[in-house]
Amino acid sequence: MAVPYATQVLLLSFLIVTTLHFSASKAAGIDMSCSEKERNALLSFKHEIADPSNRLSSWSDKSDCCTWPGVRCSNITGQVIELDLSTPVGSPYRELSGEISPSLLELNSLIRLDLSSNYFVLTPIPSFLGSMKSLRYLDLSLSGFMGLIPHHLGNLSNLQHLNLGYNYALQIDNLNWISRLSSVEYLDLSFANLQKDADWLQGNRLSGELPYSLGHLKHLEILDLSNNTIICPIPSSFANLSSLKTLNLAHNRLNGTIPKSFGILKSLQVLNLGANSLTGDMPVTLGSLSNLVTLDLSSNLLDGSIKEVHFVKLLKLKELRLSSTNLFLSGNSRWVPPFQLQYVLLSSFGVGPKFPEWLEKQSSVKMLTMSKAGIADMVPSWFWNWTSQIEFLDLSNNLLSGDLSNIFLKSTIINLSSNLFKGRLPSVSENVEVLNIANNSMSGTISPFLCGKTNATNKLSVLDVSNNVLSGDLGQCWVHWQALVHLNLGSNNLSGEIPNSIGYLSQLESLLLDDNGFSGYIPSALQNCSTLKFIDLGNNRLSDTLPTWMWEMQYLMVLRLRSNNFKGSITQEMCQLSSLIVLDLANNSLSGSIPNCLDEMKTMAGKDDFFANPLSYSYGSDLSYNNYKESLVLVPKGDELEYKDNLILVRMIDLSSNKLSGAIPPAISELSALRFLNLSRNYLTGEIPKNMGKIELLESLDLSLNSISGEIPQSLSDLSFLSFLNLSYNNLSGRIPTSTQLQSFEALSYTGNPELCGPPVTNNCTNMEELLKSSSVGQANGNFFGTSEFYIGMGVGFASGFLGVCSLIFFNRTWRHAYFHFLDYLKNLIYVTIVLKVRMLLAK
């Protein structure tokens, strides 16, 4: 539209006058300082702010506010136009906090307000910001704001940039106000919380559809509503956002299909709809987005085939993320893509069964993930040289085959686990940080891999070659692998002694050498690895006593030494392991008593505070894919189970199959977080601690095959999570406490305790109590019932009444039932007689 001539003249005159005024002011040496009103407004703002690092120390009423840090004034009018108090990334300063003063309303010409990366925790976004009509740029991201986003922000008709992202306590109850931001070009509301019971959702009869009016923001270039709880289809009106370059709706609960009309968004460069519940197929129309650089449809319920036509015009595509969908590739095996990808993420996506030959033409790939992609094929010869350009390579959990003996790997992150690879371990560049070839058929000795480069300084931090058929000893080359954090050589055919040189691994956090043939003792040099959290040396032939220095490893969380030949006692110092979650010393020859200080083990006692898994290791920049987790095979309920994602929740003590003696220490009742306890197959005596029921989370309890006596504590009936119980073959007596839990187990859980009675065992407590009472009377003179006379009288009585009783039993049903009841009573009487007689003889 042409500007009228009169308007042009007025604008030109204004510019001339303004320029002359500015020039005259400069010529006269006049500085354009801020007004007293604006200086006082900023000082009022400062007064309400906590500033522990004194970033605002130069703000005073004796200086020009235009010279203050974070303040910028107009060169023409002297008015404050920018207030930037964001905390730069990596800044040593502590964040600002406190209340935002309404005195900012005095800054009538403020165009830019940036308070990002501060610490306004528990502070709501002030509604008065909606009255600052001159604002064009507002950034309050990463600052801890909470509460509802005020609708008043919709009054900022000049606003072009709005970033409220990464304020995790913010809530959105209405998005209609956004449609009034007619000038907005950048909108980021990521990681806010869309209230499930919001009025605007309840009042909308289209399943909580996002406001249709959002499609009217014709200037909008970036829309980020990711990481919320939006539950609705994608509005069809989004196809009207003709200026849109980035659309990020990832990590919501979007449903329905991807609108075919998205194909007309010709400016779109980033389309991220990952981690939702979208259904249907991938629209062919997306293949016409010629400016598209990133396409992320991962972690959805999409299905159907993807063909060449889906990519026909995607000449600029660099990032393709289709993982965790039911989509699959189908097309010509000689297909040559029109794009050159840098990121190819196709895990849990139908790539196979043949290896994708089209990858050979991709010369810029940095990340390739095809885990669980259904590929059952020989890896082509060109592939391993092709991977030299790749930083992240994940081909795990397929049926890939090939000989890796003469392969040289250069990628920073390599995961080839759970395939059919064979041969010797491949050579690796010193720049490789993660190598995972677990669960394959790798063979040969391990020493060539470890000692092949004696002068190299390797960066390898994760080495997992478990569950292969590697052999030989570990050699003495560990000085060249000092960056190792996680070392897993478990379930191979390795042998010899654990070398002292493993003590060079000062950064080591986990050491897994289980299920091999190692012998000798645990080297004392291992105590140099003071950051160890995870030790698994189980199922070897290690011997000697448990090293005392091991009890001083303050970060140790898992100690598994089961099925070795360790002997000696468990000392009181073991209780120093306050971080321990798994203690498995089963199947050894340990003797002595169980330490009575178990209540000092804080984590077992529930005094820890784990919000993240400290037994996992993240690497690289894309942490959603770069994550190595420890796993552990335990025997919590009589069966071997592998724990990985849920390992951090385990709290377990297994001291079974040793030679431990003495009583179970009462302090064990203080381990309120304990889930699995196995003390079976020892020589334990005494009673079950009365307060054992205080271990509220206990799921499995095995005290079988000991010499524990006394009654089963009533408190065990409080264990509502108990799903495995074995108290068999002890000297327990008395009535089994009545509870839904204890009566749910089979009688086998209590067998071998002849003096136990009550359900689920068959012994009747009433009969047993009467027999024991009468037997105690007969023992007054030390002669049970006059033992000889008792047996003689019983025999004569039985003979004299035999014929009469038999006839009654045969013909009379009532007498027949009474007779068999009498036999049952007689069986119990004889059994009690024998037991008491044996005890009398033993007592003498």
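## Cis peptide bonds

Pro760 sits in the loop that runs between β53 (755-757) and α6 (765-778). Helices (H or I, at least four residues) and strands (E, at least two) are DSSP runs, numbered from the N terminus. The peptide bond between Pro759 and Pro760 is cis, with omega about 10°. The model is predicted: local features need pLDDT of at least 70, side-chain atom pairs count only at pLDDT 80 or more, and totals for chains, interfaces and linings use all residues. Residues are numbered from 1 along each chain as its sequence is written, and side-chain values use heavy atoms, with hydrogens and water left out.

Another cis peptide bond runs from Gly352 to Pro353, with omega near 10°. Pro353 belongs to the loop between β19 (343-345) and β20 (367-369).

## Positive phi values

Asn227 is a residue other than glycine with a positive phi, near 60°. Its loop lies between β12 (222-224) and β13 (246-248). With 22% relative accessibility, Asn227 counts as partly exposed; buried means under 20% relative accessible area, exposed over 50%, and partly exposed in between (1.4 Å probe, protein chains only).

Asp544, also not a glycine, has a positive phi near 80°. This residue is in the loop between β36 (541-542) and β37 (558-560). Asp544 is partly exposed as well, at 39% relative accessibility.

## Strands β7 and β9

Strand β7 (residues 146-148) pairs with β9 in the parallel sense, over three bridges; two strands pair if DSSP finds at least two bridges between them. Leu148 has Gln171 in β9 as its bridge partner.

Side chains alternate along β9 (residues 169-172).

## The largest pocket

The largest pocket holds about 1,200 Å³ of space. On a 1 Å grid over the protein atoms alone, a pocket is an open set of points where a 1.4 Å probe fits, with protein on both sides within 12 Å along at least five of seven lines. Grid points are joined across faces, edges and corners, and the volume is the space filled by probe spheres set on the points.

The lining comprises 46 residues, and Asn397, Ser417, Asn436, Lys629 and Lys644 lie nearest the centre of the pocket; lining residues have an atom within 4 Å of a point. Two or more lining residues come from each of β21 (392-394), β24 (413-415), β27 (434-436), β42 (627-629) and β43 (632-634). By class, the lining has eleven nonpolar, 23 polar and twelve charged residues. Here Ala, Val, Leu, Ile, Met, Phe, Trp, Tyr, Cys and Pro count as nonpolar, Asp, Glu, Lys and Arg as charged, and the others, Gly among them, as polar.
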